[in-house]
Amino acid sequence: MAPRVTLPAVADMTPEQRAVYDKFQSNLTRALLLTKNSAAAHLALGATFTVGLLTLRDREVIVLRVAKLRDSEFERMLHYPLAKQAGLTDVEIKAIEEGHYDEMPADRAALVRYVTECMVDHRASEEAFHALRAFYSQNEIAEITHLAGHSAMTAMYLASLDIPLDEGVTSWGRLTEVQDEVEG
């Protein structure tokens, strides 16, 4: 399937665009560069979650569940290696993606159920919120909700524009530099 839009070629990028692209060399960045000013901010927001309240494992549980619910192979491709790095096994990842709550520890099942309701119903139920609250602070739940929304927005953007998958694994190494520049 061809993209619905023409991604900017790296050779045709302005110096400002190239500076953003060089920090996260992905078709996602190329697609975000189609907007006037939101590419760096979008990437910076994503980078904030890497230094937020949640563990790497919790972040990847959230993103993988959203990727599955939004049918985002792009986000799964980007986050699967991070999920493995966080110590999740293929069996655990499958349970997360498929929403098999009975195959998860109670805290993870509460997390996956909460994220699922946020994505499917656009609002978590009282029951899901209170089940999650047994394991996470209100600040952590706010971050969980924000990350789920950011992941869903990214998945929707990529899918609606039919952005192709990257050829290889994208390096996350310089992404936090985008955040530093937006804040600075």
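Predicted model: local features only at pLDDT ≥ 70, side-chain atom pairs only at ≥ 80, totals over all residues.

Rolling a probe the size of a water molecule over the atoms shows where empty space is left.

Which helices each supply at least two residues of the lining of the second largest pocket? They are helix H5, covering residues 73–85, and helix H9, covering residues 138–160. Of the contributors to this lining, H9 gives the most, with 3 residues. Sorted by class, the lining has 8 nonpolar residues, 3 charged residues and 1 polar residue.

The next stop is Leu64, a residue of helix H4, which runs over residues 56–69. Is Leu64 buried or exposed? Its relative accessible area is 0%, and because buried means under 20%, Leu64 is counted as buried. Leaving aside residues up to four places away in sequence, Leu64 touches Arg76, His79, Tyr80, Ala83, Ile93, Ile96 and Glu97. A further distance can be given for Leu78: Leu64 and Leu78 are 14 residues apart in sequence, while their C-alpha atoms are 9.7 Å apart in space.

Aromatic rings are the last topic. A pair of such rings is described by the distance of the centres and the angle of the planes. How many aromatic pairs does a search of the whole structure find? The search finds 0 aromatic pairs. The ring of Tyr101, however, has a charge over it: the charged end of Arg113 sits there, 4.0 Å from the ring centre.

Technical notes. Residues numbered from 1 in each chain as written. Heavy atoms only, no water. Phe/Tyr/Trp six-rings, centres within 6.5 Å; stacked < 30°, edge-to-face > 60°. Lys NZ or Arg CZ within 6 Å of the ring centre and 35° of its normal. Helix = DSSP H or I, 4+ residues; strand = E, 2+ residues; numbered from the N terminus. Nonpolar A, V, L, I, M, F, W, Y, C, P; charged D, E, K, R; others polar. Buried < 20%, exposed > 50% of the residue type's maximum accessible area, 1.4 Å probe, protein only. Contact = heavy atoms within 4.5 Å.
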